[in-house]
Amino acid sequence: MREKVKLPLLTLWGEHFGEIGEEVCDLAMKRMRKMAGDGAEIDGFNVEDHVEKTPIDEETIRTVRGSEAPGAMSFDRRIQVMDLQGVRRQLLFPFFGMFAPLFESTPIEKIGGSFGIENVTPPKIRRLARGVQKAYNGWAAEMTRKHSDRIRPAGVLLANDLDQLLRDTEEIIASGLSSVIVPASLPPGASRRRTRHWIRSGRCAQTDVPVMIHIGDERAYRRSGAWGKIPAFRPVPTETNEIPLDPFTLSTAHQPAENFVTAIVLGGVFERHPTLRFGLIELGAHWIGPLAESLDMWGEQFWRRLGKVLGMKPSEYINRNIRVSSFHFEPVHKYVERYGLEDVYCFATDYPHPEGGKDPLASHLSRFGGVSDSFQEKFFVKNAELLLPR
């Protein structure tokens, strides 16, 4: 029996994002078919059959995911869903928009094969990345204006061009977007001096705009793609194609973010900008505790050098400035027992994506017996306020 793979809402990208949306939709479809394999049957998506016909009630918001979930398409209905979920404000991360850093950071010799792009040249890839970024950020700003502070789309930044990076940061802030995503696989500004210049400008810290890393461009972190080409790691086709759901991808997705956090913590970024808000989203939370422990060890070993730029232990900066969302199946209470950092871990639903789980609240609560009420309040409410200011 042939495996049937449902299309996500890619076919609507042209309607919302214009010509660049249609072009990237075609490329994403090629990528999806490649992931699904020759034996899979691609099931076309019919908007009229799926969109916003599911009633909004406690049962549907708990169990229905993907394109049929209530509020999957309509932000007005999404707010009704949030009301039933008890969610006051929600960060929104882009599927379409994440193609911008993915195009930018993937090595030129790999990107053609990954997406079926013909006649690959650096200018062509830059055009795609920049086109996606501009189209998505414009849409996100419009959605922000329409839906007040309840639903907060994050703007997308690209890393390679310092001057453009600085202009884009100012433009995103001026547009009213309340957070930005930076690529994890490339240093902002693409050089040590330029990275330092962007961070030292401090605009995001000055304006209370959180800087975040989201899963999506981690494939570019490894020069070779051979590491994941093992039969057991073949991605499983799902209703969403946001990320490949395979053990290798999900076990290593945090690595570029871990590298990024190491550089900015030990480099004294949070010492210079104590109000900078930094989020790590959909990368799991299992790794931040061991990283904090490791950085404290190396901070102590190199204190004669690092003491010039650090006024606290690295773990203290992480606890103060960084927030990490967990997957619904993670034993977060055990992380706190082992490593502390109880101000760091944040609840996330990833609604309406299937990988967020059907009932993440109940999933966490089932493991939280004996956990203090104060930590539960931090995990479900207080900690995320750092990434949702105002």
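## Helix H12

Helix H12 covers residues 255–266, and at 1.5 Å a residue its 12 residues should span 16 Å; the end C-alpha atoms are 16 Å apart, so the two values agree. The expected span here is 1.5 Å times one less than the number of residues. Helices (H or I, at least four residues) and strands (E, at least two) are DSSP runs numbered from the N terminus. Do keep in mind that this is a predicted model, where local features need pLDDT of at least 70, side-chain atom pairs count only at pLDDT 80 or more, and totals for chains, interfaces and linings use all residues. Residues are numbered from 1 along each chain as its sequence is written, and side-chain values use heavy atoms, with hydrogens and water left out.

Which residues of H12 are buried? They are Pro256, Ala257, Phe260, Val261, Ile264, Val265 and Leu266. Buried means under 20% relative accessible area, exposed over 50%, and partly exposed in between (1.4 Å probe, protein chains only). After the helix comes glycine 268, with a positive phi near 85°.

## Cysteines

The whole structure holds zero disulfides, a disulfide being a pair of cysteine sulfur atoms within 2.5 Å. Cysteine 204 counts as buried because its relative accessibility is 7%, and cysteine 346 is buried at 3%.

## Salt bridges

A search of the whole structure gives 12 salt bridges (a side-chain nitrogen of Lys or Arg within 4 Å of a carboxyl oxygen of Asp or Glu). One of them pairs aspartate 359 with arginine 62, with the closest N and O atoms 3.8 Å apart. Aspartate 359 sits in the loop between strand E10 (345–346) and helix H18 (360–365), while arginine 62 belongs to helix H3 (residues 58–63), so this pair ties together parts 297 residues apart in sequence. Aspartate 359 is partly exposed at 27% relative accessibility, and arginine 62 is partly exposed at 36%.

Another salt bridge links glutamate 170 and arginine 203, at 2.7 Å from N to O. Because glutamate 170 lies in helix H8 (residues 162–175) and arginine 203 in helix H10 (residues 203–206), the pair connects parts 33 residues apart in sequence. Glutamate 170 is partly exposed, with a relative accessible area of 34%, and arginine 203 is partly exposed at 26%. Salt bridges with shared partners also join Glu59, Arg62 and Asp359 into one network.

Arginine 152 and aspartate 149 form a salt bridge too, their closest N and O atoms being 3.8 Å apart.
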